[in-house]
Amino acid sequence: MNTTCIEIDGRLNRKSSEAAFMALLNGHQILLRNFVASLIPAIDARADIVQEINILLWEKRASFELDTNFKAWAFAVARYVIMNHQKRFRRRERLMFSSEVMEALADQFVELNPEPDERMEALCQCMSRLRDEHQRLLLVCHSERGSIELAAAERGQPAVTVRSILLRLRNRLRKCIHERMTRSQLTL
Amino acid sequence: MNSQAYLEELVAKYIEGTCCPKELKALEARLLEDDVNRAYFLEIVMLAEDLGMLNDSRQRRIGFDLVPAEILLQRQRWREAKTALLAAAAVILFSAVAIWPQMAPKHESALAGFRVAPGEKLAMAPDHHKSGMWDEHRGSVAAIR
């Protein structure tokens, strides 16, 4: 094989491996968002941190070997980024978990091994069992622009009442998702 | 308030982003207590995030359903047709205004015509003189002068 052929072959390999890496990265976005949300109390900082993790993962893609555990590698990078933010947040006196809590939560998150697709499917099924107004309330209050105060004003109820309804609904959904996922794991 | 209810309240505040430093410390203490609390915390946070994502995806779908591409294209086509029609109307109007002086029929200004009834004879000044009306008029003209 001459030099040009080797070069073209190398470029094609690089392109296909980049496409495979991109697919992996896309497939883990929900997990990364969940991971960051579990460790960062500041809601407004989460999107930037997820973006930073994505950039770092892309920059370090050469060090990742396809066919190895992407999730473990991505979480390791995410932890590194979050720890860096922890120091910055402390300097700015923003709310942050202690290192001990962060480590415990990150370890347990990885242990839980949540499957985003299965979870989302179970969530949709469990949501369909709720009344329409409750489904709407849950979606509105957990959206980026939604707030409990707005939903409470719309419903003509005090915010405390809406909060307690939401708490009850979340607990119901959590239980339902848990049951569905356990059942599907048993059938597999 | 029992321990579980307090944990639920703290987790709800964490999700809302309304935890104060004191409450975050209380949450930390409960999360370090045992892995059941941590599992509850992680599951509820994931659920809240998933609900947010579900809402985003539904809103995108609703938005797409309300204004489908066909309607947008139809509107665009109508807008173009409207512009073309207006331009055509303007050209026709301008041409009509420009051509009008050349196309309009040339009418000589017609003099007042007299039509005499059959069998009658048209007589003007001489009869006036005879009737004396002319003298009356002359007298009034003279008076004005």
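A salt bridge is a side-chain nitrogen of Lys or Arg within 4 Å of a carboxyl oxygen of Asp or Glu. The model is predicted, so that local features need pLDDT of at least 70 and side-chain atom pairs count only at pLDDT 80 or more, while totals for chains, interfaces and linings use all residues. Residues are numbered from 1 along each chain as its sequence is written, chains are lettered from A and ligands numbered from 1 in the order in which they are written, and side-chain values use heavy atoms, with hydrogens and water left out.

Of the 145 residues in chain B, 24% are buried; buried means under 20% relative accessible area, exposed over 50%, and partly exposed in between, with a 1.4 Å probe and protein chains only. The accessible areas themselves come from the Shrake-Rupley method with a 1.4 Å probe, and for residues only the protein chains shown count as cover.

Side chains of opposite charge can pair when their charged atoms come close. In chain B, Lys25(B) and Glu28(B) form such a salt bridge, with 3.4 Å from N to O. Both residues belong to helix α2 of chain B and are three residues apart, about one turn of the helix. Which of the two partners is buried, and which is exposed? Lys25(B) is exposed at 55% relative accessibility, whereas Glu28(B) is buried at 6%. Elsewhere, Arg33(A), Arg46(A) and Glu49(B) are joined into one network by salt bridges that share partners.

Over all chains, the structure has 17 salt bridges. One of them links Asp44(A) to Arg94(A), the closest N and O atoms being 2.8 Å apart. Asp44(A) is in helix α3 of chain A and Arg94(A) is in the loop between α4 and α5 (99–112), so this pair ties together parts that are 50 residues apart in sequence. Asp44(A) is exposed, with a relative accessible area of 56%, and Arg94(A) is partly exposed, with 32%. Another salt bridge joins Glu103(A) and Arg79(A), whose closest N and O atoms are 3.1 Å apart. Here Glu103(A) is in helix α5 and Arg79(A) in helix α4 of chain A, so the pair ties together parts that are 24 residues apart in sequence. Glu103(A) is partly exposed, at 32% relative accessibility.

The loop between α3 (43–59) and α4 (70–91) of chain A holds Lys60(A), which is partly exposed at 44% relative accessibility.

The cysteines come next. A disulfide is a covalent bond between the sulfur atoms of two cysteines; the criterion is a pair of cysteine sulfur atoms within 2.5 Å. How many disulfides does the structure hold over all chains? It holds one, formed by Cys126(A) and Cys176(A), whose sulfur atoms are 2.0 Å apart. The link is left-handed, with -85° about the S-S bond. Cys126(A) lies in helix α6 (residues 116–128) and Cys176(A) in helix α9 of chain A, so the pair ties together parts that are 50 residues apart in sequence. Cys126(A) is buried, with a relative accessible area of 2%, and Cys176(A) is buried at 9%.

Cys124(A) is partly exposed, with a relative accessible area of 31%. In chain B, the sulfur of Cys19(B) is 6.8 Å from the closest cysteine sulfur, in Cys20(B), again too far for a bond. Cys19(B) is buried, at 11%.

Patches are made of residues with over 30% relative accessible area and no salt bridge, like charges being joined within 9 Å and nonpolar side chains (Val, Leu, Ile, Met, Phe, Trp, Tyr) within 5 Å. Lys and Arg count as positive and Asp and Glu as negative, while His and the chain ends are not counted. The place of a charge is taken as NZ of Lys, CZ of Arg, CG of Asp or CD of Glu. Arg129(A), Arg168(A), Arg172(A) and Arg183(A) make up a positive patch. Arg183(A) belongs to helix α9 (residues 159–187) of chain A and is partly exposed at 49% relative accessibility. A negative patch consists of Glu111(A), Glu33(B), Asp34(B) and Asp35(B).

Definitions and conventions:
Helix = DSSP H or I, 4+ residues; strand = E, 2+ residues; numbered from the N terminus.
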